[in-house]
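Please have the structure open while I talk.

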Amino acid sequence: MVWFELQKRWISRPEIEVLCDKLLAEAKARLGIDSYQRVLLLPPDITRAHAGVGWMTEYLYHRLDEVGAEVHVIPTLGQHVPHTPQDNTWMFGSIPEERIHAHDWKNGVTNVGTVPAEFVAERTGGAVDWEIPVDLNTMTVTEKWDLIINIGHVVPHEVLGFANHNKNYFIGLGGKRTLGASHMASAVYGIENNLGNLLTPVRACFNYAEENFLADLPDVYLQVVMDYAEDGTLAHSGVFVGDDVETYFAAARSSLGQNITQFDEPVDKIVAVMQEDEFRATWVANKAVYRTRMAMADGGELVVIAPGVERFGEQPEVDALIRKYGYLSKSEVLELYKTEADMQDIPHGTAHLVHGSSEGRFTITYAPGHLTKEDIESVGYGYLDLSEALARYDPAVMQDGWNTMPDGERVFYISTPSAGLWATREKLSQRAEHEQHS
């Protein structure tokens, strides 16, 4: 159930710190905890740092440390690159480095169960017929914890409809088999059928897994929702605390109302900026693609300004897969997947080839900080020199929303694509009809 929530415009840091204290007090009473001896904090990784989840984790750490608890932190990386000590300091402040543990998605997991193929088939309307093995971070599921606090930002998401909640477990702390089976299932079902939906097929599978395999964990969710303030910056507008799926639904409904921008007509040109200190691979910078593809006009252009991007995949084998095949349409990927062993070995990487594609409808132009023109064009994208992009679309000058350039070009500018979803009303209605018939 939802233990408590706060929704208003806007919620300050001191107010959120008070709610963190309330969480710790209520967890004791509701979960029957005598005292905090060992506590595990599960925040997102650095790609969600803009949501303030780092300082929330730091605050909880020190409040628990003050009462003598042994507190550990595992950023829910999934298969993203582990944080450096510098990343940890930047995101989590004064939490000791030895208390922050890197998730090992290949060798550091334990199987806790399997979502049956029959359940997956039922939830996907028959589109997917494989089981989802549930392999999770060993430290999380085998060690004794008095409390596990999941911390995160609820925002539209390409696999789960909305991010956070038990995504922290099954993606953020998942193993190779779990990541592969779930990401490929979402790609086959269709990314546009997932984005901004409260209950996607993969989310339903994760809810099944949580109920059947993790019911004994003493956990609670601290979820935040953000929106753009009048000055164009992101600010907190909702905090939701609770220990079950209703907490997710409450936060996701709030995000649904605030984080989806709808257009009457498709947009010919969108310019999106991916922050240099958060996004270093197209794997994560392609949120600019995921979150805008339902708004883009056929024949239009999406420009992604990504000064931190230095590679394609988060892992070497995924990077190699992207370089080999490039970003392809869903039909092309599914045909290749039948025969190509490297695609079958890392299906989460294969799914990303679909997620980062325009399906041939519009042009994706990248302005990266550390990849060459040859690199970018080899995967099917157009290239724009970063200095040229920043000179023309200066983030210090551009305003979120519609901008008319000096030469008359009209573009829609998005400063933080990872914080929302942009779509035409027609695309959203088509997706709703698909849901009803699937």
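When I say helix, I mean a DSSP run of H or I that is at least four residues long, and the numbering of helices starts from the N terminus. Please keep in mind throughout that this is a predicted model.

With that in place, let me begin at Thr-200, which sits in the loop connecting helix 8 (191-194) with helix 9 (201-213). Is Thr-200 buried or exposed? Its relative accessible area is 1%, and because the cut-off for buried is under 20%, Thr-200 counts as buried. Its side chain reaches the backbone nitrogen of Arg-203 at 3.1 Å, and, if we set aside neighbours within four places in sequence, Thr-200 is in contact with Val-159, Leu-160, Gly-161 and Asn-194.

Let me now move to strand 14, residues 363-368, where five of the six residues are buried. Strand 13 (residues 296-306) runs parallel to strand 14 and is joined to it by six bridges, with Ala-306 standing opposite Pro-368. Strand 15 (residues 382-383) is also parallel to strand 14, joined by two bridges, and here Tyr-366 stands opposite Tyr-383. Together with helix 17 (residues 373-378), strands 14 and 15 form a right-handed β-α-β unit.

Finally, the cores: the largest nonpolar core has 43 residues, and Tyr-366 is listed with Ile-270 and Leu-302 as having the most contacts inside it. Apart from that core lies another, of 39 residues, including Phe-4 and Leu-19.

How values were computed:
Residues numbered from 1 in each chain as written. Predicted model: local features only at pLDDT ≥ 70, side-chain atom pairs only at ≥ 80, totals over all residues. Heavy atoms only, no water. Buried < 20%, exposed > 50% of the residue type's maximum accessible area, 1.4 Å probe, protein only. Polar contact = N/O pair within 3.5 Å; in protein donor to acceptor, adjacent residues only side chain to side chain. Contact = heavy atoms within 4.5 Å. Core = buried A, V, L, I, M, F, W, Y, C linked by side-chain atoms within 4.5 Å. Pairing = 2+ DSSP bridges. Right-handed = clockwise from strand over helix to strand, strands pointing away.
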